[in-house]
Amino acid sequence: MNKRIPLSQRRTDDQKGVDAIFEPTAPAPRDEEPKEKLVKATYYIRPEHVIALERIQLAERQRLGKRRDKSDLIQEAIGLLIARYEGPAA
């Protein structure tokens, strides 16, 4: 008499089967440095700041030939703000 196999076990077996057929590939080399761990934060900004940020992003895309992430632009802006307030005058 055959024993029924639970669906969860069949899914696990199926995943093993795929891994047996296809060899794992090495990840493609990245041009970028590994990024440090980021924390997700939500802030409200003025609509004109959103438009300015998008214009900067577009200008950077035209200049560099690739799109810069808005998070990177915000991090750069915060870095400049920190330097201003924590600079030599502080």
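**Salt bridges and their classification**

A search of the whole structure finds four salt bridges. This is a predicted model, in which local features need pLDDT of at least 70 and side-chain atom pairs count only at pLDDT 80 or more, while totals for chains, interfaces and linings use all residues. Residues are numbered from 1 along each chain as its sequence is written, and side-chain values use heavy atoms, with hydrogens and water left out.

User: Why is the contact between arginine 63 and glutamate 60 called a salt bridge?
Analyst: The term requires a side-chain nitrogen of Lys or Arg within 4 Å of a carboxyl oxygen of Asp or Glu. The N to O distance here is 2.9 Å, so the pair qualifies.

User: How are arginine 63 and glutamate 60 placed in helix α2?
Analyst: They stand three residues apart in helix α2 (residues 47-64), a separation of about one helical turn. Helices are DSSP runs (H or I, at least four residues), numbered from the N terminus.

User: What makes glutamate 60 buried and arginine 63 exposed?
Analyst: Buried means under 20% relative accessible area, exposed over 50%, and partly exposed in between (1.4 Å probe, protein chains only). Glutamate 60 has 13% and is therefore buried; arginine 63 has 59% and is therefore exposed.

User: What links Glu60, Arg63, Arg68 and Glu76?
Analyst: A network of salt bridges links them. Among its contacts, glutamate 60 meets arginine 68 at 3.3 Å (N to O), and arginine 68 meets glutamate 76 at 3.1 Å (N to O).

Methods
Helices (H or I, at least four residues) and strands (E, at least two) are DSSP runs, numbered from the N terminus.
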